[in-house]
Amino acid sequence: MTQSVVVQVGQCGNQVGCRFWDLGLREHAHVNQMGVYDEALSSFFRNVDQRGADSTGGKINALKARAVLVDMEEGVLGEILQGPLHSLFSSTQLISDVSGSGNNWAVGHHTYGLAYREQIVDQVRKAAEHCDCLQCFFLIHSMGGGTGSGLGTFVLKLLEDEFPEVCRIVTSVYPTAEDDVITSPYNSILAMKELTEHADCVLPVDDKSLVDIVGKIQHMSNTGKPGCTIKKDCTIISGQGGVVKVEKPFDAMNNIVANLLLNITRY
């Protein structure tokens, strides 16, 4: 059995990551109706008994995500702890601050990176120690925000330093040309340099393309043409579950990225 650890950084990274866990659970529930803890589940989830120890076989007791969640604002992480997926994460897996990075790559990379280095390393090591055979890290972040681009790429280099033999697959969400954050182009350029040096594989995701795809999917879901209809509650566009109980406009965009990750990690 091989396992992977997901590291979610910044608001975008945690929102996409939360959709990934939600859809992953739904996918496994569909094909694993007997509730058995199998190899497919073990790749991203731990099976924990009442004492908090790992249970490697038999029935599912309580699933915990193999993940570390990092954000320098408390908003999204607080919603996760209060949302329907709260049981997947323990409070020690969440690392946060209160002030944010101010859309500044340098603040995220240098200020918060140095301040939270040991705490991040400690949580990643704990996640790795729960794996029988750690195959890769999945890092999810944005390129435009200060935390996602700055701290996200700091974490990427950290993974290379601490686990040089473990593959690093990065999902990077790029901002649109009309992004209202004036520093996002600079953040993206600075983050790009770090990606080229420290990532084994980068899955670039364009925000504008996501908007276009969601628009086409919604058009198809509303048309009555045979063969062109998509159910409104399908996992591609549904916003049920995830961060909060109320669907948000960007949930459908995050679902596209989550489905991308599920498709490349599916057995």
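Mentor: Helices and strands here are DSSP runs, numbered from the N terminus: a helix is H or I over at least four residues, a strand is E over at least two. By that rule the protein chain has eight helices and eight strands. The model is predicted, so local features need pLDDT of at least 70 and side-chain atom pairs count only at pLDDT 80 or more, while totals for chains, interfaces and linings use all residues. Residues are numbered from 1 along each chain as its sequence is written, and side-chain values use heavy atoms, with hydrogens and water left out.

Buried means under 20% relative accessible area, exposed means over 50%, and partly exposed is in between, with a 1.4 Å probe and protein chains only. Of the 267 residues, 51% count as buried. Contact means heavy atoms within 4.5 Å. Among contacts with a separation of 6 or more, 72% join residues 24 or more positions apart.

Now the pocket. Rolling a probe the size of a water molecule over the atoms shows where empty space is left. The search uses a 1 Å grid over the protein atoms alone; a pocket is an open set of points with protein on both sides within 12 Å along at least five of seven lines, a cavity is a set where a 1.4 Å probe fits but cannot get out, and lining residues have an atom within 4 Å of a point. Points are joined across faces, edges and corners, and a volume is the space filled by probe spheres set on the points. The largest pocket holds about 680 Å³. Its lining comes to 30 residues, and those nearest the centre are Gln-11, Cys-12, Ser-142, Gly-145 and Asp-179.

Which elements each supply at least two residues of that lining? They are α1 (10-31), α5 (146-162), β7 (167-174), α7 (207-222) and α8 (251-265). The most comes from α1, with five residues. For the classes, Ala, Val, Leu, Ile, Met, Phe, Trp, Tyr, Cys and Pro count as nonpolar, Asp, Glu, Lys and Arg as charged, and the others, Gly among them, as polar. The pocket lining then splits into 15 polar, 10 nonpolar and five charged residues.

One of these elements, α5, is largely enclosed by the rest of the structure, because 13 of its 17 residues are buried.

The loop between β6 (134-142) and α5 holds Met-143. Met-143 is buried, at 0% relative accessibility. Leaving out residues up to four places away in sequence, it touches Ser-149, Ser-172, Val-173, Tyr-174, Pro-175, Ser-184, Asn-187, Ser-188, Ala-191, Met-192 and Leu-195. Of these, Ala-191 is 48 residues from Met-143 in sequence but 6.5 Å away in space, C-alpha to C-alpha.

The structure has one cavity of 30 Å³ or more, and the largest cavity holds about 30 Å³. Ile-120, Val-121, Val-124, Leu-158, Leu-159, Glu-162 and Phe-163 line it. The elements giving two or more residues to this lining are α4 (105-129) and α5. By class, the cavity lining has six nonpolar residues, one charged and no polar.

The loop that leads from β5 (94-96) to α4 contains Asn-103. Its phi is near 55 degrees, a positive value in a residue other than glycine. Most residues other than glycine have a negative phi. Asn-103 is partly exposed, at 36% relative accessible area.

Last, the cysteines. A disulfide is a pair of cysteine sulfur atoms within 2.5 Å, and the structure holds zero. Cys-136 is in none, as the nearest cysteine sulfur, that of Cys-167, is 5.7 Å away. Cys-136 is buried, at 5% relative accessibility. For Cys-131 the closest cysteine sulfur is in Cys-133, at 8.9 Å, too far for a bond. Cys-131 is buried as well, with a relative accessible area of 11%.
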